[in-house]
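Subject: the structure I promised you

Hi,

Here is the model we talked about, ready for you to open.

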Amino acid sequence: MNVPYLDLKAQYAAIKNEIHAAVNDVMENTAFAGGPYVAGFEKEFAKFCDCKHAIGVGNGTDALWLSLLALGIGPGDDVITVPNTFIATAEAVTYCGAKPVFVDVDEQTYNMNPSLLEAAITPRTKAIIPVHLFGQTADMDPILAIAGAHRLPVVEDACQAHGAEYKGRKAGSLGVTGCFSFYPGKNLGAYGEAGAVVTNDDAIAEKIRMLRDHGQSKKYYHGVIGWNARMDGIQGAVLNVKLKYLVRWNESRRAHAREYARLLSPLEGIITPSEADYAKHIYHIYAIRTRQRDRLMAALAEQGISCGIHYPVSIHLQDAYRFLGLKAGSFPVAEKCAEELLSLPMFPELTTGQIAYVADTLVSVLKLDP
Ligand SMILES: Cc1ncc(COP(=O)(O)O)c(C=O)c1O
């Protein structure tokens with residue numbers, strides 16, 4: 001049996017007619033850049049996130065970058081985030097001219113450890129970016145309390161957390177802004193590149209709307225220097241179709257996670273993901289922890305099962321960030337994540353047969369050579 005890591009074709013097959021009709025509409029109306037289909041999606045996505053505004057942008061990296069620019073982050077500033085994230089979180093900070101400063105993560109959730117946050121704050125700190133890794137929010141109350149005490153804005157990196165919840169509140173609605181990626185493999189994925197910022201702050205929303213469109217609020221009148229970071233019309237139309245299915249797809253992922261946990265948690269040598277009591281995890285990624293990652297990954301591949309590694313190198317140890325001068329051992333939990341996490345196949349259309357096959361394969365490899 002073959003089990004892909006992700007099967008976008010299965011999802012496309014299920015919604016093909018609706019997608020074709022929506023894309024056709026965009027073509028007929030030649031509404032390609034920004035325009036009514038993007039505006040329609042923004043309205044629905046803001047509602048979905050319980051936020052006043054959603055601003056469609058080119059991708060999740062733009063969402064983070066423009067959020068920081070709108071907050072006035074620039075050269076000489078530090079922004080605190082975590083080292084075990086996709087590099088875009090740190091890139092957005094660097095592209096404002098600021099410096100990423102890392103705090104280590106919690107061993108259960110792999111998200112920012114709030115007990116380490118206060119010690120990382122200095123007079124140069126200007127913002128905090130918790131990342132809701134794999135579809136589970138960071139522990140936001142203590143993070144927001146510390147940020148509030150220091151009058152620091154919190155930008156949520158919710159690029160992997162569409163529909164995730166913290167104590168019943170939607171990911172993205174907790175900070176000053178919430179940043180989403182609609183990269184095709186995400187729980188809500190475009191048919192190309194796209195992203196969004198959500199916020200309840202009118203002034204920040206207005207700034208980001210201007211920044212994404214060359215700093216203009218009226219055509220060819222440029223109040224500030226911006227950029228072209230607009231979402232395109234086809235992505236708006238596709239995302240509006242897919243948004244209607246997101247809750248159902250997230251529930252399927254949660255059911256798959258329960259099934260994986262039932263089959264895998266009794267196994268010695270494997271730690272299954274834990275859902276914190278504050279969280280509704282939406283399992284963008286289902287990552288197990290094991291000291292035998294390479295061996296298990298190779299054995300699964302031999303049986304036709306594809307896996308992923310998120311992420312093999314912590315950001316502070318990437319060549320691109322060597323200039324920060326941070327050494328191995330600086331963030332032990334994040335570094336352990338980089339060595340031990342293994343992402344198993346996870347997508348809504350995964351079948352219980354496929355999950356059983358993945359689990360059986362892991363059981364037999366571990367039994368042969370524990
Ligand atoms: C945690 C995180 N932050 C930021 C991004 C950047 O999003 P994009 O690829 O849409 O620019 C991603 C996307 O993979 C992500 O997973």
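Let's start with Leu117: which residues is Leu117 in contact with, leaving aside its neighbours within four places in sequence? They are Ile80, Val103, Met112, Ile128, Ile143 and Ile146, where contact means heavy atoms within 4.5 Å. Before you go further, note that this is a predicted model, so local features need pLDDT of at least 70 and side-chain atom pairs count only at pLDDT 80 or more, while totals for chains, interfaces and linings use all residues. Residues are numbered from 1 along each chain as its sequence is written, and side-chain values use heavy atoms, with hydrogens and water left out.

Leu117 also shows up in the largest nonpolar core, which has 39 residues. (A nonpolar core is a set of buried Ala, Val, Leu, Ile, Met, Phe, Trp, Tyr and Cys residues joined through side-chain atoms within 4.5 Å; buried means under 20% relative accessible area, exposed over 50%, partly exposed in between, with a 1.4 Å probe and protein chains only.) Ile80, Met112, Leu117, Ile128 and Phe134 touch the most other members. Two or more residues each come from strand E3 (99–102) and the helices H5 (117–120), H6 (140–149) and H11 (332–340). H6 gives the largest share, 4 residues. Helices (H or I, at least four residues) and strands (E, at least two) are DSSP runs, numbered from the N terminus. There is also a second, separate core of 26 residues, with Leu296, Leu300, Val358 and Leu362 among them.

Now follow Ile80 to the strands. Ile80 stands opposite Val101 in E3. Strand E2 (residues 78–81) pairs with E3 in the parallel sense, over 4 bridges; strands pair if DSSP finds at least two bridges between them.

Next, the ligand. Ligand oxygens turn up 2.9 Å from a side-chain N or O atom of Gln160 and 2.6 Å from one of Ser181.

Gly60 brings us to helix H3 (residues 60–70): 9 of its 11 residues are buried, so H3 is largely enclosed by the rest of the structure. Gly60, Trp65 and Leu68 are among the buried ones. At the start of H3, a side-chain oxygen of Asn59 reaches to within 3.1 Å of the backbone nitrogen of Thr61. Gly72, with a positive phi near 80°, follows the helix.

One last stop: Phe45, in helix H2 (residues 36–48). Is Phe45 buried or exposed? Phe45 counts as buried because its relative accessibility is 0%. Beyond residues up to four places away in sequence, Phe45 touches Ala54, Phe180, Phe182, Leu188, Ala196, Val198 and Leu243.

Happy exploring!

Methods
A polar contact is a pair of N or O atoms within 3.5 Å; within protein, one must be able to donate a hydrogen and the other to accept it, and residues adjacent in sequence count only if both atoms are side-chain atoms.
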